[in-house]
Structures are given as C-alpha cells and as structure tokens.
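Q: Please go through this structure with me. Begin with the terms, then take the details.
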Amino acid sequence: MNPIFAQTATSVFETMSRLARQFDAVNLGQGFPDDPGPQDVRQKAADAVMTGWNQYPPMMGIPELRQSIARHYKRFHQLDLDWENEVMVTSGATEALAGALLALIEPGDEVVLFQPMYDAYLPLVKRAGGIPRFVTLRPPHWRIDEEQLRAVFNKKTRVVLLNNPLNPTGSVFLREDLDLLARYVVEHDCIVVCDEVWEHVLFDDIEHTPLLTLPSLRNRVVKIGSAGKIFSLTGWKVGFVCAAPEILRVVAKAHQYVTFTTPPNLQAAVAYGLDKDDGYFVGSRRDFQAARDRFAAGLEKLGLSVLPSSATYFLNVDLTKGRFAGMTDNAFSIRLVEEARVASIPVSAFYAEESVTSVVRFCFAKKFETLDEALKRLDAFMARA
C-alpha cells in the first residue's frame with residue numbers, strides 16, 4: 001500500500017460527522033448548505049438528462065460551458081480568456097487540483113503551501129512527488145508574512161498552492177499580500193495553482209481579485225473554480241481550470257488520464273447558470289451574509305469570541321479569550337458535540353506543522369432554524385459549563 005494514503009489518519013470531517021450522528025448533533029462541521037440549490041439550474045440538468053447528449057462529452061468540456069466560463073470571468077473580473085485554449089472543465093475542483101499538481105510537479109520539486117489548508121492539498125502534493133514547504137498563517141487576520149516567504153522560497157521551488165478566499169479561516173488576502181507573493185513567484189520562476197472556489201461567496205462588498213488578473217502572473221497561474229460552490233450544489237463536482245495555453249495543455253493531459261470528462265447534463269446546467277443575471281449572485285451573497293450575521297451575533301451573545309469572516313461558509317471562534325481559554329480546539333470540539341450536541345471542526349486539523357490550536361470552525365450555510373437550534377443548544381451548554 002502507498003504509505004501516503006495507507007498511513008493517513010481518519011479525517012477530522014469523518015470523525016466529527018460520526019460523532020454528530022452518534023449524539024444526534026446539529027452538524028455545523030462539514031461545509032455544505034441545507035438548501036437544495038437554485039431550481040432553474042437543477043431543472044436544466046434534469047432536462048439535459050432526458051433530452052440531451054448522455055455519451056462521452058469532449059475531454060476539455062462541452063463548448064457551451066467553456067464559452068460560458070470565459071464570458072463569466074470577463075463579466076465579473078474583466079479577465080480575457082481564450083475559451084478554446086485557456087479553459088477546461090473537470091469533475092470538481094479537487095480533481096482540478098490533483099491534475100494540476102500531477103502535471104506541474106516532478107519528484108523532488110518543492111511546493112509552497114499556506115496553512116491552515118484544505119485537507120486534500122498535502123497528500124496530493126506528496127503523491128505527485130513534491131516536497132512541501134509551509135507558510136503558517138495566524139489569527140485574527142491570517143496575513144502573509146514576508147519573512148516566512150523568504151525562508152521557504154529557493155531554487156528548488158516550482159509550485160505555489162494558494163487558496164483565496166481561504167477555507168477554513170473565512171479570510172480574503174489583501175491586494176498587497178497578493179502583490180508580495182507575486183514578486184516571489186516571478187523572482188523564483190514558479191507557477192501558482194490558485195484554488196478560488198469561494199470567489200462568489202464574499203461579504204461586506206468585498207471584491208475578489210483573481211491571481212490570474214495580476215499582469216506579472218498572467219502566464220504563471222492555474223486558476224481553479226467550482227460550480228458546486230457558486231450554485232450551492234456541492235455534490236455536482238463540476239470544476240473550472242483557466243490557464244495560459246502552454247500550461248493548460250499539460251494540465252489537460254493529467255485530467256485526461258484521471259477522469260477524462262464530466263457528466264454532460266451537469267455541464268449544460270452550469271453553462272446556463274453562469275450566464276444568470278447579476279441578481280442571482282448578489283442575492284446569494286446577501287443570503288449567506290444574513291446567515292453569517294445571525295449566527296455571529298448569537299455566538300457573541302453567548303460570550304464567545306468570533307473572528308472576522310469575509311468569505312466562505314465559515315465562522316471561527318477564538319478560544320484564547322473568554323471562559324475556555326487554555327482549552328485546545330480539538331478538546332472543545334469533542335466536548336461540544338458530546339455535551340451540547342453541536343458539531344464543529346477544530347482548525348488545528350488544517351495544519352501540518354506549527355499548528356494553531358485555539359480556533360474552532362462552524363459552518364453557517366444553513367437555514368435560520370438550523371442555526372437557531374444550534375445556538376439554543378450552545379446556550380444550554382454554556383449555562384452548564
């Protein structure tokens with residue numbers, strides 16, 4: 001057995017979901033909405049199954065979707081993409097990440113990772129033969145520190161893997177942070193794989209800056225997006241890859257030998273969805289922001305210290321302040337699911353080393369009644385604790 005997978009511990013998501021079932025908890029651990037998603041987009045997928053093409057679609061994705069992706073990024077970010085040579089469809093963003101890393105990394109290449117990080121990053125880098133080098137981000141603002149960049153970048157650095165907006169922190173990197181990173185990328189002749197799946201889930205009128213729009217990085221970035229996040233259809237697994245032609249050609253070869261293609265009915269529905277008017281995207285942000293504000297206010301009323309959340313489905317609580325100071329995030333999360341019957345995720349699980357052990361993540365992408373029930377249970381727990 002390959003030790004990268006055989007020796008990997010059970011994921012925190014699996015552990016907390018099992019405990020949530022065991023204790024009949026409100027599950028605010030794993031990040032998915034409890035809304036079925038936009039009906040018109042789902043109807044397009046259903047219609048396409050019955051009346052559309054159900055055999056192999058093109059390996060790069062159906063032209064309608066690739067064209068729609070290019071139009072979408074032109075509309076929202078003034079990004080000019082050649083849909084035939086710079087856009088590809090994958091079976092989810094994680095498959096896009098796997099394909100990009102397999103295509104770009106040779107054994108012994110060093111890869112810069114920013115932690116906390118999505119749990120798939122590290123095993124995928126290692127399986128591709130990459131050697132991880134970590135930059136550690138810390139609360140409350142999760143900023144990039146130049147001293148750490150200087151320590152990890154060297155002549156062996158080939159790939160940088162960045163998530164912006166960042167899960168699990170709910171933060172968005174400032175333009176000055178992106179410019180700082182770009183300077184190191186250019187200086188060391190690297191390629192950035194930029195996971196931007198949360199690009200539409202932003203709040204407080206914050207705008208997303210795709211790394212591909214930075215002039216110095218236009219030919220150095222693999223941009224990854226996700227229809228699952230844009231349309232709150234996390235089970236659909238339709239991803240987007242945008243990159244300069246010379247990069248995309250190689251990434252496409254990896255995709256060809258991993259999944260080859262993606263269900264055509266879902267592609268047709270996503271093509272329709274990306275062309276929806278601005279009202280859908282504005283309304284989606286508004287609804288998630290209302291849930292964030294409601295849940296954040298409830299947590300703060302209970303005396304918990306809530307960290308800022310500018311994006312994603314997640315709110316984080318800082319345990320260094322208040323009555324639980326000194327308790328680790330893992331111990332707090334276990335106690336919460338067992339005693340309060342509310343499931344969360346300890347953010348230390350998203351670190352490979354130098355772990356921050358005082359932050360707990362909650363998913364707020366739920367109906368108000370679900371969030372209110374969680375707050376009710378937390379209130380009763382706090383009264384007993």
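A: Axes are lines fitted to C-alpha atoms, for helices over the stretch in contact (heavy atoms within 4.5 Å), and angles run from 0 to 180 degrees between N-to-C directions. Helices (H or I, at least four residues) and strands (E, at least two) are DSSP runs, numbered from the N terminus. This is a predicted model, in which local features need pLDDT of at least 70 and side-chain atom pairs pLDDT 80 or more, while totals for chains, interfaces and linings use all residues. Residues are numbered from 1 along each chain as its sequence is written, and side-chain values use heavy atoms, without hydrogens and water.

Q: In what order do the strands of the open sheet come?
A: The order is β2-β8-β7-β6-β5-β3-β4, 7 strands with mixed pairing; two strands pair if DSSP finds at least two bridges between them. β2 and β4 are the edge strands with a single partner each, so one side of each has no neighbour in the sheet. From one strand to the next, the twist averages 20 degrees.

Q: How do β2 and β8 pair?
A: They are antiparallel, with 4 bridges; Met-88 has Val-241 of β8 as its bridge partner.

Q: Which residue in β4 is the bridge partner of Leu-113?
A: It is Phe-134. β3 and β4 (residues 131-136) run parallel, joined by 6 bridges. On β5 (residues 157-163), also parallel to β3 and joined to it by 4 bridges, Thr-157 stands opposite Glu-110.

Q: Back to α4: is Arg-66 buried or exposed?
A: Arg-66, in α4 (residues 63-77), counts as buried because its relative accessibility is 8%. Beyond its neighbours within four places in sequence, Arg-66 contacts Met-60, Gly-61, Trp-83, Glu-84, Asn-85, Val-87 and Val-89.

Q: What do the buried residues of α4 pack against?
A: Their partners are α5 (83-86), β2 (87-90), β7 (221-226), β8 (239-242), α12 (264-274) and α13 (278-301). Leu-65, Ile-69 and Tyr-73 are among those buried residues.

Note on methods:
Buried means under 20% relative accessible area, exposed over 50%, partly exposed in between (1.4 Å probe, protein chains only).
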